[in-house]
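Student: I would like to learn how to read a two-chain model feature by feature, with the general idea given before each case. Could we go through one together?

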Amino acid sequence: MIRSSELDPGFLQEVMAIPGGENLLHCWSCGTCAATCLVRRYDPSFNPRLILRKAGIGMRQEVLSSREIWLCSACDACYPRCPQEIHISEVMRAIRTIAIRDGYAPPGPSAEVDSALCSGCAVCTRACPYGAIDRVPVIVDGLERMIAQVDPNTCMACGICVAACPSGSISLEAVRNEELLTRMSAGGWLAGQSQPEGGKPRILAFVCQWSMRSDAEWAEVEAMQDDSLRVVNLPCSGRVDPALVLLALAEGADGVLVVGCGEGECHYKRGTYLGRGKVALLRSVLEQTGIGMERVRFVELEALQRGALPALIADMAAALGQPARVSG
Amino acid sequence: MEKLKLAVYWASSCGGCDISLVELGEHLLELARVADIVFWPCAMDFKYADVEAMPDGHIDVTLFNGAIRTDEDAHIAHLLRAKSRVLIAYGSCATEGCIPALANIKGADHALARAAFGEPTTDNPGGTMFQGRYAMPEGVLTLPVLGTQVRTLSQVVPVQYSIPGCPPSHEQVWQALNAVIEGRLPEPGGLLGVDARTVCDQCPRVREGKIRVERFLRPHEVIPDPERCLLEQGLVCAGPATHAGCGALCVKAGMPCRGCYGAPDGILDQGAELLDAIVAGMAGESDEEIRRVVSTIVDPVGTFYRFSLAASLLHGLKTSPLESGATCETQRIPGGREGDVA
């Protein structure tokens, strides 16, 4: 039940006063956003229409304290479909800005910069799909330097900057390089021997967490793991690190499969494209050196292709056929 | 005080590293006051027999430049390792393979065949091929033979330190030599003659920070703006993935950083990091667009691994441990000096 006495009629104006929030008034609550929302496919508790509606009628406390306002990954799948042309992720951002002002904190981790290592090269500021990273002057050891700084309100924890940073200065809880390496090698998997001629090729799969649409699907893939398959989930295929791919190949994997979302379905705007770009370039490197491009593969798993991953893994294993060849 | 005994050697290198020592200028006179040069084939007349005659550990410090490509390189690496208390890999070739190691892409046999028959300037109607041994009436002549793969010094013998750079900057070399002279060397295993962070830290160019590249260009295709970040102008600049130490020489001269100071601290594979940094800065909001930008990178291995191929993860992927010390097929002679290369 909504009590009018608990509503804050000023909240609408408060949101609209923040750049990006000005379109809140235009929402008809038609629900097109909820129907196209990629997050909602995975987490049905998230409904952008409801959040906008509640904000519009002034349910200030309920909106600001809710977990859902932090779930929008600003993929903007809804933006081009909204009949009122509301940039919903920007409205969401405005609401979060007020929440942070009121003392609420994003529930998840955000990327962190080690100012002792950062060179201010700007690779991360270009990489971030959200423009959440800027270089700012910071005094480090008595010297003013331009150091990357992450806005935790805008950071969606996709991990793209962690992979992109060439000096290892950016980390993100749960997807740090050390953490991924532990998951790759747990149980001595990486130290395993490449299979002898005719044996089953050993495949490491880096899988975007969003490309798996349900826990049941995850469970099925995880249950497939054995000596010939290791699955490591990533927040986004854009987080895939070429150095870790090469390390896996050098340490006993015959092939590395990178699984991302379908075209236009990336939760982090352009993460899938970056994942694909990295794998494409890595494949040319492997082909040019005679190691063979078949050792690394990128596949897109579209939203409607449920349960397709086992077949994609089997397909790569068949293509690898022969285990690692050493060419002179 | 007894003078320091210093040796300098060149294996498969261009000679630039020796020049970088000559660049020390008047510091060479200071060096001569505290150190005796006991071996430096490029600059002074010594024979291998002089080194062989030394007792083990006789040389205090050896600066070894050049990659390990031939059986001669490997032989002298072992010899100098035994005779030196401190062995330093000097320059990019000894540290990470450098330009000579790009031959590993196609292998030594391909390189020899290309040099003997394929070069436009080669006139070889008799089809003569390089041979390690050649019998003459007066006796057998020998030449060094090539191994299958170009290797770094530390892949052949243990080294205590590395001084990166192609060549190392002479200011850095002088500082490193001072550390040697004054006995201030750090714990073995690290780099000497470098600064903290990456080349971008020393680069004076202005980075806008959000510009993404739609098409990559090679240096001959563009006259870059002198003030702006070269990467943001579409030139593949290795600065973000390269250890600082040179003072950003190339970028100050209008050329993109080529990466000769090697990977930053704690980075496993310089080429893979550079690849990721380059893709991350690509424009493209669809698969097709990003693929189009990727396709504008010419020669990915030569671009990303120009200096570090022999020290990269690719090296291990390409070369089995058994094969790494073998003589290349072209020069393998029955009853010859097989196995010397290891």
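**Reading the model, feature by feature**

Tutor: The place of A248(B) is in the loop between α7 and α8 (249-252) of chain B, where helices (H or I, at least four residues) and strands (E, at least two) are DSSP runs numbered from the N terminus. Residues are numbered from 1 along each chain as its sequence is written, and chains are lettered from A and ligands numbered from 1 in the order in which they are written. This is a predicted model, in which local features need pLDDT of at least 70 and side-chain atom pairs count only at pLDDT 80 or more, while totals for chains, interfaces and linings use all residues.

Student: What is the phi of A248(B), and is the residue buried or exposed?

Tutor: Phi of A248(B) is near 60°, a positive value in a residue other than glycine. A residue is called buried if 20 or more other C-beta atoms, placed from the backbone, lie within 10 Å of its own, exposed if 12 or fewer do, and partly exposed in between. A248(B) is buried, with 20 other C-beta atoms within 10 Å.

Student: Which other residue of chain B has a positive phi although it is not a glycine, and where is it found?

Tutor: C98(B) has a positive phi of about 55°, and it is found in the loop between α5 (91-96) and α6 (108-118) of chain B. C98(B) is buried, because 33 other C-beta atoms lie within 10 Å. Another backbone feature of chain B is the cis peptide bond from C166(B) to P167(B), with omega near -10°; P167(B) lies in the loop between β9 (161-163) and α7 (170-181) of chain B.

Student: How should I read the confidence of chain B?

Tutor: The score to consult is pLDDT, the predictor's confidence in each residue, from 0 to 100. Chain B averages a pLDDT of 92, and 94% of the residues score at least 70, whereas pLDDT stays under 50 over residues 335-342 of chain B. Where pLDDT is low, the predicted coordinates should not be read in detail. The model as a whole scores ipTM 0.92 and pTM 0.91.

Student: Into which domains is chain A divided?

Tutor: Domain bounds come from an automatic or database domain assignment, and chain A is divided into domain 1 (4-101), domain 2 (108-171) and domain 3 (174-320). The C-alpha centres of domain 1 and domain 3 of chain A lie 35 Å apart. Seven residues of domain 1 of chain A are in contact with eight residues of domain 3 of chain A, contact meaning that the C-beta atoms of two residues, placed from the backbone, lie within 7 Å.

Student: How is the sheet with the order β6-β5-β7-β8 in chain A to be read?

Tutor: Two strands pair if DSSP finds at least two bridges between them. Here the sheet is open, with four strands and parallel pairing, and its edge strands are β6 (229-234) and β8 (296-301) of chain A, each of which pairs on one side only. Within chain A, five bridges join strand β5 (residues 203-208) to strand β7 (residues 255-261), which run parallel, and F206(A) stands opposite V258(A) in β7(A).

Student: How many residues of the two chains are in contact, and which helix of chain B gives the most?

Tutor: There are 48 residues of chain B in contact with 44 residues of chain A. On the side of chain B that touches chain A, α9 (270-280), α10 (287-294), α11 (300-304) and α12 (313-318) of chain B each supply at least two residues, and α9(B) gives the most, with eight residues.

Student: How does α9(B) pack with helix α11 of chain A?

Tutor: Two packed helices are described by the angle between their axes and the distance between the axes. Those axes are lines fitted to C-alpha atoms, for helices over the stretch in contact, and angles run from 0 to 180 degrees between N-to-C directions. Helix α11 (residues 242-250) of chain A and α9(B) pack at an angle of about 140°, with their axes 8 Å apart. The contact is made by P242(A), A243(A) and L246(A) of α11(A) and by A272(B), E273(B), L275(B) and D276(B) of α9(B).
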